[in-house]
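The sequence and the model are shown first, and the description follows.

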Amino acid sequence: MDEEKFRRCYKEDCKHPVKHLDEQGLSWCGHHWRRREKILDTSTKACIICGKEKLSKDFKSPKINEPATVSKICKDCYTWLDVKLRTHSKRADTPLTMTTWLEALEQSEGNCDYCKTFVGIGNLTIEHMTPISKGGSNDKSNIAAICRSCNTSKGGRDIETWQRSTEATQLLIGFQEHLGLSSFETINLAIKQLAIAMNGADYRKEM
Ligand SMILES: [Zn+2]
Ligand SMILES: [Zn+2]
Ligand SMILES: [Zn+2]
């Protein structure tokens, strides 16, 4: 019985024939022999996406052309990210690559690209500055890492429209506070004046 166990590769569930015996007396197949250091490694590190402390072996190794950041992401989060990126890729001509998204995450240092609030890398969401539905691409120049709050607020609008509406809302709040506007009529008048002041655009559509 014990002998049977001894003749099995140390790697759980491995069915390959044993080829090597290490100094500790553990047996290994040819495939896992080369990976034994990683398999036996009990050191841990925190994943930059889920924040969980995991064994080093539970982290991805970067593929060719992938950034070193990959090694800071646990396998579970990598799989989850990969699926997410594939979904985004379907809607555009070119795919949103892991490299593009990880570079955006690294650059953000956990801060929202729009409001600059620190939310942590794991809480940043994929943002197409020009939505794919409006002809935007998955190119790095069109990708931002933003907080959920900004993402919900922006919705499917392009960045200029969203920024204009955010500015208009802020101005309106300022009007209300400083001028003590309270009734619907005076607020409505303020919106109209604001719209005329800003090239006649109708901001009520955006708010
Ligand atoms: Zn094996
Ligand atoms: Zn993770
Ligand atoms: Zn934000």
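In this predicted model, Cys 147 and Cys 150 are both buried. These two residues contribute SG atoms to the zinc ion (ligand 3), together with the SG atoms of Cys 112 and Cys 115. Along the sequence, the donors of this ion follow the spacing C-x2-C-x31-C-x2-C.

The zinc ion (ligand 1) is held by Cys 9, Cys 14 and Cys 29 through SG and by His 32 through ND1. The spacing of its donor residues reads C-x4-C-x14-C-x2-H. Cys 14 belongs to the loop between α1 (2-6) and β1 (18-21), whereas Cys 29 is part of strand β2 (residues 27-29), so the pair ties together parts that are 15 residues apart in sequence. Cys 14 is buried, at a relative accessible area of 10%, and Cys 29 is buried as well, at 0%.

The two sites are set out below.

| Zinc ion | Donor distances | Donor angles | Arrangement |
|---|---|---|---|
| ligand 1 | 2.0 to 2.3 Å | 102 to 114° | tetrahedral |
| ligand 3 | 2.3 to 2.4 Å | 106 to 113° | tetrahedral |

For four tetrahedral donors, the ideal angle at a metal is 109.5 degrees. The site of the zinc ion (ligand 1) counts as tetrahedral because its four donor atoms subtend angles of 102 to 114°.

The nonpolar interior comes next. In soluble globular proteins, nonpolar side chains tend to be buried together. The largest nonpolar core here has 29 residues, and the members that touch the most others are Ile 49, Trp 101, Leu 105 and Tyr 114. At least two residues of this core come from each of α4 (75-90), α5 (98-108), β6 (143-146) and α7 (159-179). Helix α5 provides the largest share, five residues.

Leaving aside residues up to four places away in sequence, Tyr 114 touches Glu 127, Met 129, Ala 144, Ile 146, Cys 150, Lys 154, Ile 159 and Trp 162. One of these, Cys 150, is also a donor to the zinc ion (ligand 3). A second, separate core consists of six residues, among them Cys 14, Leu 26, Trp 28 and Ile 39.

As for the chain as a whole, eight helices and six strands are present. From the N terminus, their order is α-β-β-α-α-β-β-α-α-β-β-α-α-α. Of the 207 residues, 36% are buried. The accessible surface amounts to about 13,200 Å², with 52% belonging to carbon and sulfur atoms. Among contacts with a separation of 6 or more, 38% join residues 24 or more positions apart.

Key
Residues are numbered from 1 along each chain as its sequence is written. Chains are lettered from A and ligands numbered from 1 in the order in which they are written. This is a predicted model: local features need pLDDT of at least 70, side-chain atom pairs count only at pLDDT 80 or more; totals for chains, interfaces and linings use all residues. Side-chain values use heavy atoms; hydrogens and water are left out. Helices (H or I, at least four residues) and strands (E, at least two) are DSSP runs, numbered from the N terminus. Buried means under 20% relative accessible area, exposed over 50%, partly exposed in between (1.4 Å probe, protein chains only). Contact means heavy atoms within 4.5 Å. Accessible areas come from the Shrake-Rupley method with a 1.4 Å probe; for residues, only the protein chains shown count as cover. Donors are N, O and S atoms within 2.8 Å of the metal (3.2 Å for Na, K and Ca); water is not among the atoms, so sites may look incomplete. Four donors count as tetrahedral if all angles lie between 85 and 135 degrees; four count as square planar and six as octahedral if opposite donors are over 155 degrees apart and all others between 65 and 115; anything else is irregular. A nonpolar core is a set of buried Ala, Val, Leu, Ile, Met, Phe, Trp, Tyr and Cys residues joined through side-chain atoms within 4.5 Å.
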